[in-house]
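Subject: Structure handover

Hello,

Here is the structure for you to look over. My notes on it follow below.

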Amino acid sequence: GKKAIAWLLGYFDGDGTISRKKSNFYPIISAGSKKFMESIKKLFEIKFKITQGVNETTWKLYLGLELYKKMMLTYNDSMQRKRHPDYRDPNGLYLYP
């Protein structure tokens, strides 16, 4: 529900990133526990694989664009630097698309 999505947005603000490759972007979260990532994957029905980070103690999970959009629409004041430009106005303020 909405509370779970809001929680995930908060987690993303803390331990997430947007990986950019050419014109594409990939919202990714990371954690030190694979089991924790598995529970997030299951709760949000994420179809993507959990991958190991650069070091052997980090795990990463691509959230997918649909889930990312749901997160962005949940709360208007999340971290601007973790918002895709489509979710900001020209003045750097957040927008609901």
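In α1, the buried residues are Ile5, Leu8, Leu9, Tyr11, Phe12 and Asp13. Buried means under 20% relative accessible area, exposed over 50%, and partly exposed in between, with a 1.4 Å probe and protein chains only. These buried residues pack against β1 (16–21), β2, α2 and α3. Contact here means heavy atoms within 4.5 Å.

**Ground rules**

This is a predicted model: local features need pLDDT of at least 70, side-chain atom pairs count only at pLDDT 80 or more, and totals for chains, interfaces and linings use all residues. Residues are numbered from 1 along each chain as its sequence is written, and side-chain values use heavy atoms, with hydrogens and water left out.

**Overall fold**

The protein has three helices and four strands. Along the sequence the pattern is α-β-β-α-β-β-α. Helices (H or I, at least four residues) and strands (E, at least two) are DSSP runs, numbered from the N terminus. The protein has 97 residues, and 36% of them count as buried. Of the contacts with a separation of 6 or more, 41% are between residues 24 or more positions apart. Tyr75 sits in the segment after α3. Tyr75 is partly exposed, at 44% relative accessible area.

**Core**

The largest nonpolar core holds 21 residues. Such a core is a set of buried Ala, Val, Leu, Ile, Met, Phe, Trp, Tyr and Cys residues joined through side-chain atoms within 4.5 Å. Ile29, Met37, Ile40 and Met71 have the most contacts inside this core. Two or more residues come from each of α1 (2–15), β2 (24–31), α2 (34–43), β4 (59–62) and α3 (65–74). α1 gives the most, with five. Leaving aside residues up to four places away in sequence, Met37 touches Ile29, Ser30, Ala31, Ile50, Trp59, Lys60 and Leu61.

**The ends of α2**

Ser33 caps the N-terminal end of α2, with a side-chain oxygen 3.4 Å from the backbone nitrogen of Lys35. After α2 comes Glu45, with a positive phi near 50°. Most residues other than glycine have a negative phi. Glu45 lies in the loop between α2 and β3. Glu45 is exposed, with a relative accessible area of 71%.

**Thr58**

Thr58 is in the loop between β3 (50–52) and β4. Its side chain makes a polar contact with the side chain of Asn55, at 2.8 Å. A polar contact is a pair of N or O atoms within 3.5 Å; within protein, one must be able to donate a hydrogen and the other to accept it, and residues adjacent in sequence count only if both atoms are side-chain atoms. Not counting residues up to four places away in sequence, Thr58 touches Ser30, Ala31, Thr51, Gln52 and Gly53.

Best wishes
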